[in-house]
Amino acid sequence: MSGPLAGIRVLDLGTRVAAPFAATLLADLGAEVIKVELPGQGDFMRTIGPFVDGYSLFWAVEGRNKKSITCDLRKPAGQALLKRLVPLADVMVENFQPGTLESWGLGYDVLSALNPGLILTRASVYGQTGPYRDRPGLDRNGIALGGLLYITGYPDRPPVRPGVIVSDYLTGVFNAFAIVSALYERDRRARESGTPPRGQWVELSLYESILRIMEHTLAAYDRLGIVREREGNRLRNSAPLDNWETSDGKYVCIIAAGDGLFPRLAEPRFATMAKRAAHGDEINAIVAAWCKERTAREIQEVLERHEVPFGVACSVADIFADPHVAARGDIVVLDDPVIGPVRMQGVYPRFSRTPGAIQRGAPRLGAHNDEVYGGLLGLSAEERARLAREGVI
């Protein structure tokens, strides 16, 4: 593998998104990721549609660049196998219900005794401590407690979930950030002190990932008593601001509420943002009527000419046809081992000297058992066959 994380080995014990997505991000940047899956079942993500001939496209995207081994961690023999892999790894990620690793005899005290340099990240909905720790939950529970669900939507309608499982994916991004930070600290400390590398555990929760991106919401409540409410596409302190329909049925957002930008859009009858906010309905109605008389392309040409920031709400079909997306190479073709060529998001972010790459498609379940158990751990073919018969791998 190439990329800035080449030489880092990750054990991915997770399922769904918060831990596995972090591992995928690391794999895209060169880390060797060994995904540990339950024999016969595999990651739950393999069962999530949409499907092509029974094969999950969700898995095709998020399983890429990984190696798959099967190991039943509920069985003592499976736990023993993992313990043999731990000394060979830099990182382990998991997002089980809190306490699960400990119930298998695989808590951090055990793992760090085997490998003092190991970084263990643990993601859950509510965290490893606190009164909600043992509650089951998924992405929407995270956006609910984190406060995003409450402020998303229109004031006269129920809250609306974001279009994607944002608390899961956001936690995955924070997870990857935490891993590289912990790796840097581990290696810097060892280098400066001359002592062996010393890892640590990192805890993440879905709701806290959302809480961290809630802008001024907490501070405004603390100091001003403001409870932030749903405002739809508008903000009470800014105008013009909305998503306006065009004559050809598309939607365009125009970002020109600031005092420096508004004169590019219109002759400023209301010279300050405060005055425009006070007359927001009137201003938004004028812009809405102007957009409704023009196509998205016509609006784009006018706004580009006057250097007014804007955006057209793009469907995935629009994204595939967009010249900027094409020029940047954002969509790549991956040769999946099951369904063949499939287009998907490319590696992100971009590095000038050590770019990441997609080296392989999402693996078949247990595709790397022989490579890892035979090559890495040195188990004989007879030992591997016995473990398979016993349902351990």
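Analyst: **Charged pairs in the fold**

Among contacts in the protein chain between residues at least 6 apart in sequence, 70% join residues at least 24 apart, a contact being heavy atoms within 4.5 Å. This is a predicted model, in which local features need pLDDT of at least 70 and side-chain atom pairs count only at pLDDT 80 or more, while totals for chains, interfaces and linings use all residues. Residues are numbered from 1 along each chain as its sequence is written, and side-chain values use heavy atoms, with hydrogens and water left out.

The protein chain holds 18 helices and 13 strands; these are DSSP runs numbered from the N terminus, helices being H or I of at least four residues and strands E of at least two. Of its 393 residues, 44% count as buried. Buried stands for under 20% relative accessible area, exposed for over 50%, and partly exposed for what lies in between, with a 1.4 Å probe and protein chains only.

As for charge, the chain carries 46 positive and 47 negative side chains, and the centres of the two sets lie 3 Å apart. Lys and Arg are counted as positive and Asp and Glu as negative, leaving out His and the chain ends; each charge is placed at NZ of Lys, CZ of Arg, CG of Asp or CD of Glu. A salt bridge requires a side-chain nitrogen of Lys or Arg within 4 Å of a carboxyl oxygen of Asp or Glu, and by this rule there are 26.

One of these pairs is Lys67 with Glu371, whose closest N and O atoms are 2.5 Å apart. Lys67 belongs to strand 5 (residues 66–70) and Glu371 to helix 17 (residues 369–376), so the bridge ties together parts that are 304 residues apart in sequence. Lys67 counts as buried, because its relative accessibility is 9%, whereas Glu371, at 41%, counts as partly exposed. Both residues also take part in a network of salt bridges with Arg9 and Glu32.

Another pair is Arg74 and Asp72, with 2.9 Å between the closest N and O atoms. Here Arg74 is exposed, at 52% relative accessible area, while Asp72 is buried, at 4%. Gln79, in helix 3 (residues 76–85), touches both members of this pair, as well as Leu73, Trp104 and Leu106, when residues up to four places away in sequence are not counted. With 14% relative accessibility, Gln79 is itself buried.

A further bridge joins Asp281 to Arg234, the closest N and O atoms being 3.2 Å apart. This pair links distant parts of the chain, 47 residues apart: Asp281 is in helix 13 (residues 280–292), and Arg234 is in the loop between helix 10 (217–224) and strand 9 (243–245). Asp281 is exposed, at 62% relative accessibility, and Arg234 is partly exposed, at 29%.

Asp248, Glu298, Glu301 and Glu304 make up a negative surface patch; patch residues have over 30% relative accessible area and no salt bridge, with like charges joined within 9 Å and nonpolar side chains (Val, Leu, Ile, Met, Phe, Trp, Tyr) within 5 Å. Of these, Glu304 lies in helix 14 (residues 296–305) and is partly exposed, at 48% relative accessibility.

Conventions:
Areas by Shrake-Rupley, 256 points an atom, 1.4 Å probe, with all protein chains shown as cover.
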